[in-house]
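Reader: I would like to go through this chain by question and answer. Please show me the sequence and the model to begin with.

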Amino acid sequence: MKAGLTRERLVRAGAELADEVGFAQVTVSALARRFDVKVASLYSHLKNSHDLRTGIALLALEELADRAADALAGRAGKDALSALADVYRDYAHEHPGRYAAAQLRLDPETAAASAGVRHAQLTRAVLRGYDLDEPDQTHAVRLLGSVFHGYVSLEMGGGFSHSAPDTRETWSRTLDALDALLRNWPDP
């Protein structure tokens, strides 16, 4: 066993690997090759590839929540909405494998203890500037998550690369439209 290998170091290396080759390609075997060790030597730190992938997902959720909290400090309304949206888009472009990991379905207990809870709280903090009551606030949280993830996924998959205008312009207009919708939320 190579000295210095810890669960945290392996998860971070797995996150780097995910950004390089794609989250779906991350396995304990691939990580063992990266460290030039036998697969069995990693099992004292990781149960299996699912455990590694869950660790990467938790790391990504934590990184995203930290970035979002920093970006939202002192902002409200459309400024906060844009800051939150940009955190997700920028993170996805900088760390595509980690961003994919953040979408991993976690078991309920792991999810409840993850930074995913902070994501919902931060989104609700943004929505306080739009005067939405329940259940509309929950509907709006889901709408924002869907639009952010959908746009980023299509953009990164090349879905918008074949036509003008530039995707940054469309992103800006999308955020304008979301702001207008949130300010004029329809009655049931």
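The questions below go from the whole chain to single residues.

Author: This is a predicted model, in which local features need pLDDT of at least 70, side-chain atom pairs count only at pLDDT 80 or more, and totals for chains, interfaces and linings use all residues. Residues are numbered from 1 along each chain as its sequence is written, and side-chain values use heavy atoms, with hydrogens and water left out.

Reader: How many helices and strands does the chain have?

Author: Helices (H or I, at least four residues) and strands (E, at least two) are DSSP runs, numbered from the N terminus. From that end the elements run α-α-α-α-α-α-α-α-α-α. The count is ten helices and zero strands.

Reader: What percentage of the residues in the chain is buried?

Author: Buried means under 20% relative accessible area, exposed over 50%, and partly exposed in between, with a 1.4 Å probe and protein chains only. The C-alpha trace spans about 60 × 40 × 30 Å along its principal axes. Of the 188 residues in the chain, the buried share is 44%.

Reader: Among contacts between residues at least 6 apart in sequence, what percentage joins residues at least 24 apart?

Author: A contact means heavy atoms within 4.5 Å. Among the contacts between residues at least 6 apart, those joining residues at least 24 apart make up 70%.

Reader: How far apart are the end C-alpha atoms of helix α5?

Author: Helix α5 covers residues 77–94, which is 18 residues. The expected span of a helix is 1.5 Å times one less than its number of residues. For α5 this gives 26 Å, and the end C-alpha atoms agree, being apart by 26 Å.

Reader: Which helices are included in what covers the buried residues of α5?

Author: The buried residues of α5 include Leu81, Leu84, Val87, Tyr88 and Tyr91. Their cover includes α4 (49–72), α6 (96–102), α8, α9 (136–156) and α10 (167–183).

Reader: Is Leu81 buried or exposed, and how far is its C-alpha from that of Asp179?

Author: Leu81 is found in helix α5 and counts as buried because its relative accessibility is 0%. Not counting residues up to four places away in sequence, Leu81 touches Val126, Tyr130, Leu144, Phe148, Leu175, Leu178, Asp179 and Leu182. Leu81 and Asp179 are 98 residues apart in sequence, but their C-alpha atoms are separated by 7.5 Å.

Reader: Which helix supplies the largest share of the lining of the largest pocket?

Author: On a 1 Å grid over the protein atoms alone, a pocket is an open set of points with protein on both sides within 12 Å along at least five of seven lines, and lining residues have an atom within 4 Å of a point. The largest pocket has a volume of about 690 Å³, a volume being the space filled by probe spheres set on the points. Of its 24 lining residues, the closest to the centre are Tyr88, Gln103, Gly116, His119 and Gly145. While α4, α5, α6, α8 and α9 each supply at least two lining residues, the largest share, seven residues, comes from α9.

Reader: Which residues of α9 are buried?

Author: The 21 residues of α9 should span 30 Å, in agreement with end C-alpha atoms 30 Å apart. What covers the buried residues of α9 includes α5, α6, α8 and α10. Those buried residues are Gln137, Thr138, Ala140, Val141, Leu144, Phe148, Tyr151, Val152 and Glu155.

Reader: Which residues does Ser114 contact, leaving aside its neighbours within four places in sequence?

Author: Ser114 is found in the loop between α7 (108–112) and α8 (116–127), and counts as buried because its relative accessible area is 10%. A polar atom of its side chain lies 2.8 Å from the backbone oxygen of Ala111, and the backbone nitrogen of Gly116 lies 3.0 Å from a polar atom of that side chain. Leaving aside neighbours within four places, Ser114 is in contact with Leu58, Leu61 and Leu106.

Reader: Is Asp36 buried or exposed?

Author: Asp36 is found in the loop between α2 and α3. Although not a glycine, Asp36 has a positive phi of about 55°. Its relative accessibility is 65%, so Asp36 counts as exposed.

Reader: Which residue is joined to Pro165 by a cis peptide bond?

Author: Pro165 has its place in the loop between α9 and α10. The cis bond has an omega of about 0°, and the residue joined to Pro165 is Ala164.

Definitions and conventions. A polar contact is a pair of N or O atoms within 3.5 Å; within protein, one must be able to donate a hydrogen and the other to accept it, and residues adjacent in sequence count only if both atoms are side-chain atoms. On a 1 Å grid over the protein atoms alone, a cavity is a set of points where a 1.4 Å probe fits but cannot get out, and a pocket is an open set with protein on both sides within 12 Å along at least five of seven lines; lining residues have an atom within 4 Å of a point.
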